[in-house]
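Hi everyone, thanks for having me. I'd like to walk you through one structure, a few residues at a time. Please have the picture open while I talk.

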Amino acid sequence: MATDAQRKSRHRKERAIGALLAVFSGVSILTTVGIVFVLIRESIGFFAHVSPLAFLTGTKWTPLFVADQHFGILPLLTGSILISFGAALVALPLGLAAALYLSEYAPDRVRRILKPVLEILAGVPTVVYGYFALQFVTPLLRHVFPEMSIYNALSPAIVMGIMIMPLVSSLSEDAMSAVPRALREGAYALGATKFEVATRTVVPAALSGIVASFILAVSRAIGETMIVTIAAGAQARLSLNPLESVQTMTAYIAQTASGEAAHGSVEYQTIFAVGLSLFAITLLMNIVSNIVLRRYREVYE
Amino acid sequence: MSDSIMSPPGEIELEARDLSVLYGDTRALKHVSIQIPDRKVVAFIGPSGCGKSTLLRCFNRMNDLVPGARVEGEAIFQGENLYGDGVDAVDVRRRIGMVFQKPNPFPKSIYANVAFGAKINGFKGNMGDLVEKSLQQAALWDEVKDRLESSALALSGGQQQRLCIARALAVEPEVLLMDEPASALDPLATQKIEDLIYDLKQDYTVVIVTHNMQQAARVSDYTAFLYMGELVEYGVTEQMFTNPAEERTESYITGRFG
Amino acid sequence: MKFALGGSPRPEAEPSPRHPAAQRDPSLFAPGRERRARVGRIFHVVFALSTLVGILVLAVLIFDIVRDGAGALNAGFLSNMPSRLPGRAGVKPALLGSIWVLGLTAAMAFPLGVGTAIWLEEYAPNNRFTRIIEMNIANLAGVPSVVYGILGLAVFVRTFSFGRSIIAAAMTLALLILPIIIIASQEAIKAVPASIRLGAYALGATRWETIQHHVFPQALPGILTAGILALSRAVGEAAPLLLVGALAYVDRTPRRLTDQFTVVPVQIYQWVSQPQPAFHELAAAASIVLLVLLLTMNAVAIILRNRYSRKN
C-alpha cells in the first residue's frame with residue numbers, strides 16, 4: 001500500500017500538472033491581450049500625429065509619400081469592402097446552392113466524394129490563389145474587358161469568392177442538416193416538390209445558420225491578405241471601379257511591413273493603426289455572426 | 001381473399017393489391033391486399049414493426065423518400081395505380097393528405113402554416129377564408145382566431161396537432177392518412193382528436209394507424225390487424241374486437257403480446 | 001371471446017351520399033404541376049452545377065500551375081539558391097526554411113494547444129470564467145493572419161529582440177494555429193466516453209493518471225489528425241511571415257534559430273511579384289512543390305485517422 005509520503009508526492013505532482021496546464025491555457029488570454037495591447041499602443045502614438053477624425057474620414061491615403069502625406073483610411077476601407085463584396089457575390093450564392101445540393105439532393109455516395117473535394121478548395125494556400133488570380137484570371141478577364149488594368153479588384157474578388165465558397169457551403173449545410181426530418185415530411189405530405197421543400201421549408205428553418213455563415217465568410221474575405229497583395233495592387237484609391245487597381249487594408253499592411261519603414265516613424269505606426277481598424281472590423285463581424293447564430297437560432301419543437 | 005379479410009361494402013376509395021415494400025433486403029410489407037371504402041374510418045393496428053405505418057405511407061407515396069425502399073404490387077386510388085408510370089407523386093400527396101405522429105408545424109405563424117400547402121398548390125381563391133374554414137374543420141378556429149399571426153410553436157401539443165390537421169385539410173384532399181395522430185398527446189387532447197375524426201369522416205376517407213386498441217374501437221368503422229408485415233385480419237370493428245376470426249388477432253387484442 | 005370495449009361506440013350515422021365536390025372546388029387549385037416540375041428540374045441542375053463550379057476552378061487552377069511551372073521544376077530548382085538569374089534560381093532555402101519553421105511551430109503549438117484543451121476539458125470548472133476563455137479562443141480563430149503577423153513583429157521581433165528570425169516566425173505561427181488545435185483537441189477529448197474515465201477513477205487513479213493513460217491515448221488520433229491539418233495551414237501562410245521578416249533574398253540555408261530565413265509561400269510571393277515572366281515560372285514551380293508538400297501532409301493525416309479508427 002502507498003505510504004503517506006508517496007501519496008503526498010502524488011498529490012503534489014497532480015497539483016503541479018494542473019497548474020502547468022492552467023498556465024498553458026493562459027497563453028490564449030495573453031495572445032488576445034497582446035494583440036489588443038500592441039495595436040493600441042502604437043496606434044496611440046499614431047493618433048498623436050494624426051487626428052482620428054482625419055483618419056476615419058480622410059479620402060486620401062499617402063503615408064509613404066513623404067512630400068504630401070495623407071492619412072485618410074477611406075481608400076483602404078473602400079478597397080477592402082469592394083473586393084469583399086465582390087467575393088461575397090460569388091461565394092454566397094454558389095455556397096448556398098452547393099449546400100442545398102449536398103443537403104437535399106445529392107445521393108450519399110456523391111456527397112461523400114464532393115464534400116472532401118470542396119474542403120480541398122479551402123486548403124489551397126492563398127499565395128497560390130494569388131498567383132492564379134494574377135497569372136490566369138486577370139489575363140482571361142482582360143480579353144473581356146480590354147481596358148482593365150493588370151492590377152485590379154475584379155480578379156482577386158472572383159478568386160477569393162471561390163476560396164471562401166466552401167466555408168459558406170459547409171456552415172450552411174450544417175444548419176440545414178439540423179432541420180428535423182419531420183418538417184420536411186410535413187411539407188412533402190402537402191404536395192410540395194423537392195425544390196419547394198428545400199427553399200420554402202428548409203432554408204427558412206435554417207436561416208440563422210445560413211446568415212451567420214454569410215457574415216463569417218465576408219469577415220474572412222476582409223481579413224485575407226495574399227490574394228489581394230499579389231493581384232489587386234498597391235495604389236490606395238477611393239474608387240468603386242473593379243477594373244482599376246485598389247489597395248486593401250491587409251495589402252497595405254503586408255506591403256508596407258515588408259518594406260523599410262523605420263521603427264517609431266509615423267509610417268511604421270500606420271501599420272498598427274490600419275491593423276487596429278482591421279482587427280476591430282473582423283472582430284465585430286465575428287461577434288455579430290455569433291449573435292445571429294445563437295439569438296435567432298430557430299426552435300423547432 | 002381469405003375469410004378473415006373482408007371486402008367492405010360501398011365504393012372503394014383506396015386499395016392495395018398484393019402490395020409489398022422492401023427496405024434493402026428486408027421485406028417490411030408482404031403481399032398485402034386491402035380495400036378502403038369511401039368516407040369511412042379504417043384503423044390499422046398491430047404491434048411495433050408490423051408494417052402498419054409502412055402500409056399507410058404507400059398510399060401517399062411517402063415511402064419514395066426513404067432511400068433504398070422498393071415497392072412491389074399496386075396501390076389503387078379511385079381506380080388508378082398510384083405507382084403507375086407517369087403518376088406524379090407530388091400530386092398524389094395533395095389529394096391524399098397525411099398527419100404525423102408527432103405534430104410537426106412549421107416554425108412560422110399559424111396562418112402561414114395553414115396557408116403553406118394551398119399557396120404551393122396555386123390556390124386562387126380567398127386565402128383568409130380558406131384558412132378560417134380549415135381551422136374550423138379542425139376544431140381549432142375558436143382557440144386561435146385572435147392570434148393567427150403568432151407562432152405555431154407556441155401552441156400546446158394538442159393544438160399543434162389540430163393545426164397540422166387544418167394544414168392538411170387546406171389543400172382539400174380526398175383522403176386523410178393519420179399515423180398515430182394522438183400518441184404524443186394527453187388524454188384530453190386525444191379525445192378532441194377522436195371527436196374530430198368522427199366529424200371528418202362525413203367528407204373524407206380516413207385511415208388511421210394506432211397502437212391504442214381502445215382508440216381503434218372507439219373511432220373506426222373497420223379495423224385491419226397487421227403482424228410481421230402481413231395482413232392477418234380485416235373486418236368490421238365491432239366484430240374484430242368481440243369475435244375475431246384469427247387466433248393471432250385474438251392474442252394481440254387480449255394483450256398476450258405486443 | 002368477448003373483449004370489453006372501453007367506452008361505448010358511437011351510433012353509426014346515416015352514410016351521406018357521395019357529395020360531388022360540393023366542398024371541393026378543383027378549379028380553385030391550379031397546382032401547375034408541369035411548371036413546378038420544370039422549375040424543380042432546372043434548379044436541381046443549377047444546384048448541382050454550383051457545387052461543381054468550385055471543383056472545376058480547382059481543376060483549372062492545378063492545371064494552370066502545373067502547366068506554368070512544370071518546365072522549371074527540375075533537380076536544379078530544388079537544390080539551388082535563389083538568384084537574380086531565373087535560370088539559376090532555386091527553392092532550397094525556402095524549402096528548408098519551411099521545414100524548420102514547421103518543426104518549431106509544431107513543437108510549440110502542440111504542447112500548448114493540447115495542454116490547453118486538456119485543461120479546459122478535464123480540469124477547468126464549468127463556470128463563466130471558463131466560458132469566457134473558450135469564447136476568447138473562438139474569437140482568436142477568426143482573427144486575420146496578418147494581425148498575428150503584426151503581433152509577432154511587435155512582440156517577438158522587437159520586444160523580445162529575436163529579430164527577423166526563424167524562432168520569431170515559428171512563435172507567430174504557433175499562436176496563429178493555437179486556437180485551431182485547441183478547439184479540435186477539445187472535440188477529440190470530448191469524444192472519449194465518460195465510462196472510460198469513470199472506470200479509471202473507480203480504480204483509484206488520479207486525474208492526471210487517468211488522462212495520461214486513458215483519455216489522452218484514446219483522443220490521440222483525433223488530435224494528431226487535426227494537428228497535422230493545422231500545421232498544413234501554417235505551412236501555406238505567407239502574410240504573417242512577411243511581417244515577421246521572411247526576406248526576399250536569402251542566399252544561405254538557415255543554421256541557427258536566430259538566422260534569417262524564408263519560406264516557400266513567401267518565396268512564391270517574391271517571385272510572382274517580379275516583372276520578368278521567367279520568375280513567374282519559378283513561382284509556379286514553387287507552388288507545385290508547396291502543393292505536393294501539403295498533399296503529403298494531408299495524406300498522412302488521413303492515413304493516421306483511418307489506421308487509428310480501424311484499430312478502435
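To find B:Q202, go to the loop between α7 (187-200) and β8 (205-209) of chain B. Before I go on, please keep in mind that this is a predicted model. Now look for B:V41, which is 161 residues away from B:Q202 along the chain. How far apart are the C-alpha atoms of B:Q202 and B:V41? They are separated by 9.9 Å.

Hold on to that, and let me show you a pair in chain C. C:G54 and C:G69 are 15 residues apart along the chain, and their C-alpha atoms are separated by 22 Å. C:G54 lies in helix α1 of chain C, which covers residues 33-69. Is C:G54 buried or exposed? It counts as buried, because its relative accessibility is 0%, and the cut-off for buried is under 20%. And what does C:G54 touch, once we leave aside its neighbours within four places in sequence? The answer takes us into another chain: C:G54 is in contact with A:L121 and A:M165.

Staying in chain C, please find C:S185 in helix α6, residues 166-190. C:S185 counts as buried too, at 1% relative accessibility. A polar atom of the C:S185 side chain lies 2.7 Å from the backbone oxygen of C:I181. Setting aside neighbours within four places in sequence, C:S185 is also in contact with C:V114, C:A117 and C:I223.

Next, aromatic rings. Over all chains, a search of the whole structure finds 18 aromatic pairs. One of them is formed by A:W61 and A:Y252. In general, a pair of aromatic rings is described by the distance of the centres and the angle of the planes. For A:W61 with A:Y252, the centres are 5.1 Å apart and the planes are at 85°, so the pair counts as edge-to-face, the cut-off for that label being over 60 degrees. Where do the two partners sit? A:W61 is in the loop between α2 (52-57) and α3 (74-105) of chain A, and A:Y252 is in helix α11, residues 249-257. A:W61 is buried, with a relative accessible area of 5%, and A:Y252 counts as buried at 2%. A:W61 and A:Y252 also belong to one aromatic cluster, together with A:F46, A:F47, A:F55 and A:F71.

Now a quick word on backbone angles. Most residues other than glycine have a negative phi. With that in mind, look at B:D18, whose phi is positive, near 50°. B:D18 is in strand β1 of chain B, residues 12-23, and it counts as partly exposed at 42% relative accessibility. B:M228 also has a positive phi, near 50°. You can find B:M228 in the loop between β9 (222-227) and β10 (230-236) of chain B. B:M228 counts as exposed, because its relative accessibility is 52% and the exposed class starts over 50%.

Last stop: the place where chains A and B meet. Here, 19 residues of chain A are in contact with 27 residues of chain B. About 1,800 Å² is buried between the two chains, and carbon and sulfur atoms give 64% of it. Which residues of chain A lose the most area to chain B? They are A:A189, A:L190 and A:R200, together accounting for 34% of what that side buries.

What about charges? The rule finds 1 salt bridge across this interface. A:E185 forms a salt bridge with B:R57, and the closest N and O atoms are 3.1 Å apart. There are also 4 residue pairs in polar contact across the interface. On the chain A side, the elements that give two or more residues are α7 (181-189) and α8 (194-205). The largest share, 8 residues, comes from α7(A). Sorted by class, the chain A side has 10 nonpolar, 4 polar and 5 charged residues.

Terms used:
Residues numbered from 1 in each chain as written. Chains lettered and ligands numbered in written order. Predicted model: local features only at pLDDT ≥ 70, side-chain atom pairs only at ≥ 80, totals over all residues. Heavy atoms only, no water. Contact = heavy atoms within 4.5 Å. Buried area = accessible area lost by both parts, 1.4 Å probe. Salt bridge = Lys/Arg side-chain N within 4 Å of Asp/Glu carboxyl O. Polar contact = N/O pair within 3.5 Å; in protein donor to acceptor, adjacent residues only side chain to side chain. Helix = DSSP H or I, 4+ residues; strand = E, 2+ residues; numbered from the N terminus. Nonpolar A, V, L, I, M, F, W, Y, C, P; charged D, E, K, R; others polar. Buried < 20%, exposed > 50% of the residue type's maximum accessible area, 1.4 Å probe, protein only. Phe/Tyr/Trp six-rings, centres within 6.5 Å; stacked < 30°, edge-to-face > 60°.
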